[in-house]
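Here are my notes on the two-chain model that you asked me to look over. Please read them with the coordinates open beside you.

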Amino acid sequence: MDRDFKALESIKHIILVLSGKGGVGKSSVSVQIAYALKEQNKKVGILDLDLCGPSIPRMLGVEGSKILQDTNGWVPVYVTPDKGLGVMSIGFLLPDKNSAVVWRGPKKSAMIKQFLTDVYWGDLDYLIIDTPPGTSDEHLSVIENLQNVKPDGAVIVTTPQVVSLVDVRKEINFCKQVNLPVLGLIENMSGYVCENCKECTNIFSTGGGKSLCDELGYKFLGYVPIDPQLGIMLDNPSGKESDDSGSTNSFISAYKSSPLFETFKQIATTIQN
Amino acid sequence: MEIQPPENANEHCPGPESEMAGKDDNCAGCPNQKICESLPKGPDPDIPVIAQKLSGVKHKILVLSGKGGVGKSTVASQLAFQLSQSTNEDPEVLESANDLENTSKIASNENEESDLPYNNVGLLDIDITGPSIPIMTGCTDMVVHESASGWVPVYVRENLAVMSIGFLLDSEDSAVIWRGPKKSSLIKQFLRDVDWTDSGDDDGYGDSSSQLDYLIVDTPPGTTDEHLSIVQYLRQAGIDGAVLVTTPQEVSLQDVRKEIDFCRKAKINIIGVIENMAGFVCPHCSHNNTIFTPTTGGAAALCAELNLNFLGQLPLDPRIGRACDSGEQFTAMFPDSLAAVAYKSIVSKIIKLLN
């Protein structure tokens, strides 16, 4: 094995979260899968490869944290004191949250390689890799760099509309071309229950992801409805802007009571099998 | 835009476009040395060609957003549809910018009233790995032809031309797995080789050799190859400005701030910001639900903070998604809906800001 990738040797499972389309919920799905796995007593890491628009630090309330380095490499930022959930993102390396990362492919690829070689994750059960939309530099680079460690496969996220499904088909073809197994597909933003009359409206239609799975023979991991509460939890997870203590992370505590937690516990269980 | 040296460049960086890029004494030890050395040197000879080609296009607008899935393509396609139904100097459209009541009335009257030719609109989709414009304009099965004067775009209407990589693929499912340089060279081809001047036919919608009034460029999310390339290639031709699209959550606004930073670095004028998916009116009980909560004040607060034009809010409406999936013009199908009225007001504001 390439000695550069020693850091990944101690990781049991590597899962990529992919989607051809942007804004379908890759990052929020990554966070929820990671959290559900953590609750099942797994040691989990999240690697955020969206270099131009990293969302994971904000979602987990660790925005503004700094990366430390020790003799083994970069130390991920831990969300909980028990170090059960580690995060690595370019968000931690930026001088301030407004600065744009205006990079062309080669620089992005170099950064991704560094993330995969220099981060010392320790013994992880699962590493969830969140990706940007599309099938371009980031995706090719991560696949290239993971060649020696054989990732378990990809979880594909879609919303139910045709425009999203078309992009997802492209992503599935990408997986085929690079020999990455598809672990299953999640249909996100499927239906919204009105807070007033409890009537369910399919804002982005429904069922598209399920029928795509039936057609292509992939495992369907579940429907995830739109839940405005989740958006609030992920938008401002520490409750207030500057929570220096870091010990009380409200996403972690609030999410347990969310109905979505049940959905994702099931999805996490399916993925583990 | 001059290509700026990267932030982590060495002192006295000769600049990535310089003949000495990567070879200069000052480049020793720079993390970007290899990249600079491998890039083509000197000014790009195609840039003046593109400027020449697009010299007759009156307005060039980029639709940008840091985040994916916030509705760039939806906004771009509806903007194109709507612009192609208006005339460039229709005073009523201009006046109605602040008068929502009248917009739907004007929309229904404009066919009869105006003597001016309708705007010629071009819609260019530079989302190479996830093109949505062909679906949203209902022309997925079309192919691009080549004529003596270049690639002929697909005409959705007589005065609305569309170009996208979607028209060049064997099948809708084909993945375009390209790294940056290949994406950039296709974008260059789109700008250099597409002949926008030829009208679909000549039945009064602009004469057959007329130039575009508007070229709308729909972009992929992020701030990377496609964005740098389009800005670089249009440097001489000139970009009127960018319309930024966001959703109300902080996670999206965060990315939009990055995009604003990009626009400032690249010296692109920001026409304004649109807040999409703001609120959802339940079709059963008409209760207004907040789906994506503006925990930090949404786009309006962002615009106030950064002194940008706030173009307006667009509500979520299941019919928009359905119209886009089947390639229809939402604002024409449901002219009285809240979202259509909002769209029209935004388009009028954009026209006003540009003229």
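The numbered points below go from the chains to their interface, then to the sheet of chain B and an annotated site.

1. Basis of the notes. The model is predicted, so local features are given at pLDDT of at least 70 and side-chain atom pairs at pLDDT 80 or more, while totals for chains, interfaces and linings use all residues. Residues are numbered from 1 along each chain as its sequence is written, and chains are lettered from A, with ligands numbered from 1, in the order in which they are written.

2. Chain A overall. Chain A holds nine helices and 12 strands, where helices (H or I, at least four residues) and strands (E, at least two) are DSSP runs numbered from the N terminus. Along the principal axes, the C-alpha atoms of chain A fill a box of roughly 55 × 45 × 35 Å. Of its 273 residues, 53% are buried, a term that requires 20 or more other C-beta atoms within 10 Å of the residue's own, with 12 or fewer counted as exposed, the range in between as partly exposed, and C-beta atoms placed from the backbone.

3. Chain B overall. Chain B has 13 helices and 12 strands, and 49% of its 355 residues are buried. For chain A, residues 24 or more positions apart account for 80% of the contacts with a separation of 6 or more.

4. The interface. Contacts between the chains involve 57 residues of chain B and 58 residues of chain A. On the chain B side, the elements that give two or more residues are helices H6 (133-136), H7, H8 (225-233), H9 (250-265) and H11 (318-325), and H9(B) gives the largest share, 10 residues. By class, this side has 22 nonpolar, 20 polar and 15 charged residues; here Ala, Val, Leu, Ile, Met, Phe, Trp, Tyr, Cys and Pro count as nonpolar, Asp, Glu, Lys and Arg as charged, and the others, Gly among them, as polar.

5. A helix of chain A that packs on both chains. In helix H4 (137-146) of chain A, the buried residues are Asp137(A), Glu138(A), His139(A), Ser141(A), Val142(A) and Asn145(A). The buried residues of H4(A) pack against helix H3 (105-118), strand S7 (124-130) and helix H5 (162-177) of chain A, together with helix H7 (180-193) of chain B.

6. The sheet of chain B. Eight strands form an open sheet of mixed pairing in the order S5-S6-S2-S7-S1-S8-S9-S12, where strands pair if DSSP finds at least two bridges between them. Strands S5 (154-157) and S12 (310-313) of chain B stand at the edges with a single partner strand each, so one side of each is left without a neighbour in the sheet. S5(B) pairs with S6 (160-163) in the antiparallel sense over three bridges, and Tyr155(B) stands opposite Ala161(B) in S6(B).

7. Strand S2 of chain B. Five of the five residues of S2 (121-125) are buried, so this strand is largely enclosed by the rest of the structure. Val121(B), Leu123(B) and Asp125(B) point one way, and Gly122(B) and Leu124(B) the other. S2(B) runs parallel to S6(B), joined by four bridges, and parallel to S7 (214-218) of chain B, joined by five. Leu160(B) in S6(B) is the bridge partner of Val121(B), while Leu123(B) stands opposite Ile216(B) in S7(B).

8. The annotated site. An unreviewed UniProt entry carries the annotation "binding site" for Gly66(B), Lys67(B), Gly68(B), Gly69(B), Val70(B), Gly71(B), Lys72(B) and Ser73(B); positions follow the numbering used here, feature names are shortened, and annotations may be inferred rather than shown by experiment. Gly68(B) lies in the loop between strand S1 (59-64) and helix H3 (72-84) of chain B, and is buried, with 27 other C-beta atoms within 10 Å. Leaving aside neighbours within four places in sequence, Gly68(B) is in contact with Lys21(A), Gly22(A), Gly23(A), Pro133(A) and Pro221(B). Ser73(B), placed in H3(B), is buried with 28 C-beta neighbours inside 10 Å.

Methods. Contact = placed C-beta atoms within 7 Å.
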